[in-house]
Amino acid sequence: MHSSDWLQLAIYMAALLAITKPMGLYLMQVLDANGRTWLDPVIRPFERLTYRVMGVDRTREHGWKQYTFAMLLFSLVSCVFTYAILRLQHLLPLNPQGLGPLSPDLAFNTAVSFTTNTNWQSYGGEGTMSYLSQMVALTIHNFASAATGIAIAAALVRAIARNSMATLGNFWVDLVRTTYYLLLPLCLVFAVVLVSQGMIQNFNGYTKAKLTEPYTIQVPKLDDKGQPVTTNAPVLVQAPKLDAAGKPVLANGVAVMLDVPKLDEKGQPMTTNLPVMVDQVVDEQVIAQGPMASQVAIKMLGTNGGGFTNANAAHPFENPTPLSNFLQMLSIFAIGSGLTYYLGRMTKNQAHGWSVWGAMMAMFLAGVLVCWWAEARGNSIHQALGLVATDGNMEGKEVRFGIFNSSLFAAITTAASCGAVNAMHDSFTAIGGLVPLFNIELGEVVVGGVGAGLYGMLVFVVLAVFIAGLMVGRTPEYLGKKIGAYEVKMAMLALLVLTLSILGFSAWALVSQWGLAGLNNAGPHGLSEILYAFSSATGNNGSAFAGLTANTPWYNVTLGLAMLIGRFLMIVPIMALAGSLVRKKISPPSAGTFPVSGGTFILLLVGTVLLIGALNFLPALALGPVVEHFLTAQGKLF
Amino acid sequence: MKTFLSELRGAVMVTLALAVVTCGLYPLAVWGIAQVAFRDKANGSLIVEHGVLRGSRLIAQAFIGEKYFHPRPSAAGANGYDATSSGGSNFGPTSQKLNDAIKDRIATYRTENGLKEGTPVPADAVTASASGLDPHISPANAELQIARVAKARNLPVAKVRELVAANTATADFSIFGDAGVNVLELNLTLDRL
């Protein structure tokens, strides 16, 4: 934990603080149907045109049911759109590698994954997806799912801010304005900056480079039909040599052994089926190319996280320099952080907005420090083999990022529901890997996904004021609105659905053949891999303990369901909560009102989040990363 | 029913509108600007020598000979350094396979570079990177390989050390990230001598 790393952390926090207010003020204009921005002269005509082809009256507002219905319908239509492209990519243009169609389960998983802002990658980017699939089928959701999340957050904030009203805004207007005025302009600038750092943006076919030093590898020999050739040698086992009478032959009192063919159950001799290997000289390197920067910019700003390449933001093209890494980390939190300012501004209680931000940052920094400490400390098993101990745990990390920037990225990408990775979480130390996992399981309310983080956190705020109300024996109030049984029920429903999905699916996978077949690691780390997968899917995060082979029909379907549950079964109760809150009268604060700003509130809010997270997930975590930590210390291997 | 149809129309049309704008106009605009302003970078920072493409400055290649600096171990693709199949080993902290691999790599590294038994080996030299294409090694790792390369090429150690320094990317603005030595560029520089 070097001093230069502390400086980088300080700069990151300062930069985040600095952009929060400007972002919040800009959001005020974007999320107001009559808002004004300096981009109006360019974008306004396109916005109007879009409403016209959609047949939308931008002045008409929706109640909670209509708003939710529009959101669900849009998600369904755009999900089907993506599924169709993935299944038909071999017939569509922009496929220079001639990649085939995705299987139905993989296409379902991927379409759901991007629709729900999860961007879980069951597919391997550069080997599965044509440029068209990347550019259209996936990128559209990077924008749309981000805009949808922001729209839902805006609707909930309006519900809190409005006094005795019935409507929450117009979903179509929120969707279009967020995409056109917020995401597109930011991404355009950001993508160009990323290219300046070395990120690629082209439509070239994959490039072939001539190696300086050709080398030889062993590959399976293929026959004329392209099928692997296998050995056909008989399998031999040792058996005692028998004499004519059927008695074992002894030499010096020991049975003489013979090699005999091994027989299978039917009494037939068994043969080995090993592939025949032949030498192949590798003298070129094929380098994947593509329109990457435009997709990466939105994958970060929209907290989507789906990588253009399999290695995601660890790939040198996808994150070429430490500076590009810093900007990507900042962009993950940018909009979510600005939304807390938007909350304060809308509710005319800026101290409340900053207090929510403060609670998020307290939990975020705790996670960063623990993860960083664990990774810098390294793995004692490997150090005993003769590694430089101060280098920390470098397995699955890149030199240009080092321990600190890999740990910081891991904490950010899981605090937000981004899911991009610049290091392989699967290879983190036990405690270093626990932090991203726990971050996701807390509900990704530490800044969180764009929009999703804020509406998730507001659910906890409702619970926190409810608990505070119970403690002092008064009717709970949130910013002048009375919190009743209905609101608390909806809040609890939104939270319990997540827990049920994560723990339920994990438990199922852990006792099933299909679940255990995908494991890359044995022992407690295997449990962590499965737990991480369903946490990530339900939390709409998308990062992974990537060793798990999840591209199987069982995993693709169960993970797809977990993503749908985590997204939509959470949003519906939250919208019901919004529908109830918006109708309530705002009563002026009295002497007994629990203040929703300041240290006590932050403490109570953090306490509520941690308490619910801990109660739900500590038992599972104890069996995974915690046990693994102690086994690592003892040098136990699996 | 009427509301449903009008909402459905909205959903379908906005999907198409977003497809045109965010998937057509936007990436093409970025492509246009990138190809004009940062042509080399946008096409993969390729190294071309005498009309032959030698690789990308950002992508690691395999080097095993004693006259070359060696990159980090790679788990990309079946045989490593596969720039169409990036990724890490994904072995966890208590993995037997990872433990065995690191043990072997440490032994090989010490033998290759003439290090005494028990010399601590830089972690990056014996662990697989996240992408499998990490173009860099740590300066400490490069330092331990200098003597071997200098001997194999009959060059003064000081000269090789100078080239290592010239191919080291320091932290951006001296603040962000960690320093790294670009292995491919360094090896190509050595070959040009």
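Predicted model: local features only at pLDDT ≥ 70, side-chain atom pairs only at ≥ 80, totals over all residues.
**Helix pair between the chains**

- The crossing of α7(A) and α1(B) is right-handed.
- On the α7(A) side, the contact is made by A:Trp172, A:Leu175, A:Val176, A:Thr179, A:Leu184, A:Cys187, A:Leu188, A:Ala191, A:Val192 and A:Val195. These meet residues of α1(B), namely B:Gly10, B:Val14, B:Leu18, B:Thr22, B:Tyr26, B:Ala29, B:Val30, B:Ile33 and B:Ala34.
- The residues of this contact between α7(A) and α1(B) are 16 nonpolar and three polar, with no charged residue.

**Domains of chain A**

- The domain assignment divides chain A into domain 1 (20-205 + 291-347), domain 2 (208-287) and domain 3 (450-632).
- The centres of domain 1 and domain 3 of chain A, taken over C-alpha atoms, are separated by 23 Å.
- Between these domains of chain A, 45 residues of domain 1 are in contact with 40 residues of domain 3.
- Helices α3 (64-87), α4 (104-115), α6 (131-161) and α9 (322-346) of chain A each supply at least two residues of the domain 1 side that touches domain 3.
- α6(A) gives the most to that side of domain 1, with eleven residues.
- The side of domain 1 of chain A that touches domain 3 of chain A divides into 23 nonpolar, 19 polar and three charged residues.

**Sheet in chain B**

- An open sheet of three strands in chain B has the order β3-β5-β4, with antiparallel pairing.
- β3 (136-137) and β4 (168-169) of chain B are at the edges with a single partner strand each, so one side of each has no neighbour in the sheet.
- β4(B) pairs with β5(B) (residues 180-182) in the antiparallel sense over two bridges.
- B:Thr168 has B:Val181 as its bridge partner in β5(B).
- Helix α7 of chain B (residues 183-192) lies across β3 and β5 of chain B and runs at about 50° to β5(B).

Key
Residues numbered from 1 in each chain as written. Chains lettered and ligands numbered in written order. Left-handed = near helix turned anticlockwise from the far one by under 90°. Helix = DSSP H or I, 4+ residues; strand = E, 2+ residues; numbered from the N terminus. Contact = placed C-beta atoms within 7 Å. Nonpolar A, V, L, I, M, F, W, Y, C, P; charged D, E, K, R; others polar. Domains from an automatic or database assignment. Pairing = 2+ DSSP bridges. Axes fitted to C-alpha atoms, helices over the stretch in contact; angles between N-to-C directions.
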